[in-house]
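Q: Could you take me through one part of this model up close? I'd like to look at the place where two chains meet.

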Amino acid sequence: MTDGTTQPKPPRPPRRKRVVLADSRAPVTVLRTVLELEEQTSWAEEVVRGFIRTQFWTAVKLALLVIGTLGALPLVFFLAPGLSGVTVVGVPLPWILLGIVPFPLLFGLAYWYNVLAERHERDFVDMVEK
Amino acid sequence: MELNLWAVAGIVAVGLATFTIGFRSARQASTTQDFLVARRTVRSRRNAAAVSGEYLSAASFLGVAGLVLKDGADALWYPIGFTAGYLALMLFVAAPLRRSGAYSLPDFAEARLGSRQLRGLSTVFVVFIGMLYLVPQLQGAGLTLSQIVPGVPLWAGAVVVAVLVMVNVLGGGMRAITVVQAFQYWLKLFALAAPTFVLCVLFLRDGGAGGVGGTGLAAPLPPRFTSAAEIDVSTDVVLQVREAVLLWADGAVDGGRTTGVVYWGPGEHTVLAGTRLRFAADTAVPVVEGAPVDNATWLRPGSGVGDLFTTYSLVFATFLGTMGLPHVLTRFYTNPDGRAARRTTLHVMMLLSLFYLFPIVLGALARIYTPELLVTGGTDAAVLILPLKVVPGTLGQVLGAVTAAGAFAAFLSTSSGLVVSVAGVLSTSNGGRGRVRDFRWASVIAGSVPLGIALVLPHGDVSISVGLSFALAASTFCPVLLLGIWWPRITWVGAAAGMCVGGGLVLLSLAITTVSGFTGGWAPAFFQQPALVTVPVAFLCVFLLSKATASKVPPETNRIRMRMHAPDRLGFIRDRDTARWGTAEERSRLANGRHRR
């Protein structure tokens, strides 16, 4: 997205602007609901609180998933020392579980969260615009 | 180690490239917006490379391989924690923090809780964490340069890095270093990936551990010197010997002065600073106290209760501390909106995952080829000296030059990020308008004070003080951020109390560790990584005091919360800075300009 040619040199007059009083494409209801959110009516407060709660619990669930899998590993190795002796294709199990597996796992969870969070936001916008 | 001209050339090249790229971007930076947040228009891919470039400090580039060499499986938790920290950041902080419109941590604290006092307190902690992180970077630079060019004093490398960073930051602030840091991520990745591939191929060609005269990594035996080694001990060490060794020593050993051949039976042996030790090839390596002696133990995760506690404490500190590091958060304010902030984090996690595979492999190779580092405990140098040990000659020198250049890139990028974030906080605190001139003055201070400290203080282990800064960030800013974003009833009194108590406890344990380090090391390892206790205490403090001062909940809370969480498309983001920074002319220019690249 390099548009180096269009950027003018610093000293220059302000660019001409088109002023639009009303954009016919945007439905009026959107404006009204957005205004209502801004004004913090009791309806808006309830809706926003619900949305924040959804986002929060999604994040908490994924965090618990990490804690339940990766976070349990030190305890597992502590309680079952025999596990450290197991080798998979010549590499000891702890090195696979600690050196390789966590990274795709963490990235996968992050990706999943990104999808979920963006979906919730889309749903929220859809609901507000209806 | 003789002068490696290749390495010198590599470092000079990195320095020149950094300066040139920074200078080119600096010419485009003129407004306060450029200097503090790069106009908030950095796209997520570039921003992610810049975040990773800045995050992968000396602790990651040199420290992780060194810790793997020394501690084995337990050290693998460092890269995991360093990466998982970004997951926590993404889940709970990234998007809402960007949407809050703040441009620094203290600004967020003020925007959310409406208190100038809290802003002042946060500024103090940001500066403190910044210093705690910056000093080891500069010291590491000094150490690296003196390793490569013998005869150069320790301070030279620190001065070079500090000056280069300050020139770039003075010239273009955030805008200039964004490009520099993105470049340095790829440089660092290359500087570890290329040597790793070559060294692995050579290792396999030579027939593995047995072929080069080392101990197999799974064997229940201590590592062995693959060639005769001469070691200068520069700090007092206690060495553990499992197999009896014959060595030649000159200096204070086991409480008496010796010059000549010494026999060490199994047990512990003390060597004082200034002693020179010589070992023949194929003798067992004495290992510094506190590290696993034989390879089989090294290969397994620690089995004691103490190990378990330290591991959890470390994971806790890195998981929750990343979100409180000022130089990491500053980068998130440069995103255009909350969604981009989240995507940036996702990219960062991919880039970090890619990077951390290599230091782990290098650390394991170092266990075979450079076990002499275990005698002094100076394992941070593993990445730098490994190539020349595996392939003596030109190939080794070139590979060593590549890793040295990468290490310098690590020092430069992390220091730049820290100086920019600390300078940004300083120049906008205390009623400052954040003018470009204020920012420049602040960056001189933010660069030269740590340089002074780095020159005065004795050298420590890079990873330990970095680990402590994670603990400090996790115990001060993490509760304020998490509760500030998700809990409506937090008050500034609660936040301030949590920061003081959490931060105070970490500083107390830092003091205890330091004192114990000078007086015989009596403090348990817990004090080196106290996050498992201090973070919950800090959370509890914020919670209880906020409950007790419920009347101080800011009246605007609901509106602020809605702005932080409402999707970007609804257009609620109000950047706090536009109202206060710069001139009318500057703002009119920004209103319809796009970031050029």
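A: Start with Glu118(A) and Arg339(B): their side chains meet in a salt bridge, 3.3 Å from N to O. A salt bridge here is a side-chain nitrogen of Lys or Arg within 4 Å of a carboxyl oxygen of Asp or Glu. Across the interface of chain A and chain B the rule finds 4 salt bridges, along with 8 residue pairs in polar contact, both at pLDDT 80 or more. (A polar contact is a pair of N or O atoms within 3.5 Å; within protein, one must be able to donate a hydrogen and the other to accept it, and residues adjacent in sequence count only if both atoms are side-chain atoms.)

Quick note: this is a predicted model, where local features need pLDDT of at least 70 and side-chain atom pairs count only at pLDDT 80 or more, while totals for chains, interfaces and linings use all residues. Residues are numbered from 1 along each chain as its sequence is written, chains are lettered from A and ligands numbered from 1 in the order in which they are written, and side-chain values use heavy atoms, leaving out hydrogens and water.

Now zoom out a bit. Chain A puts 56 residues into the contact and chain B puts in 55, with contact meaning heavy atoms within 4.5 Å. Together they bury about 5,400 Å², and carbon and sulfur atoms give 69% of that. (Buried area is the accessible area, with a 1.4 Å probe, that two parts lose on being put together, summed over both.) Glu38(A), Trp95(A) and Phe103(A) supply 14% of what chain A buries against chain B, more than any other three residues.
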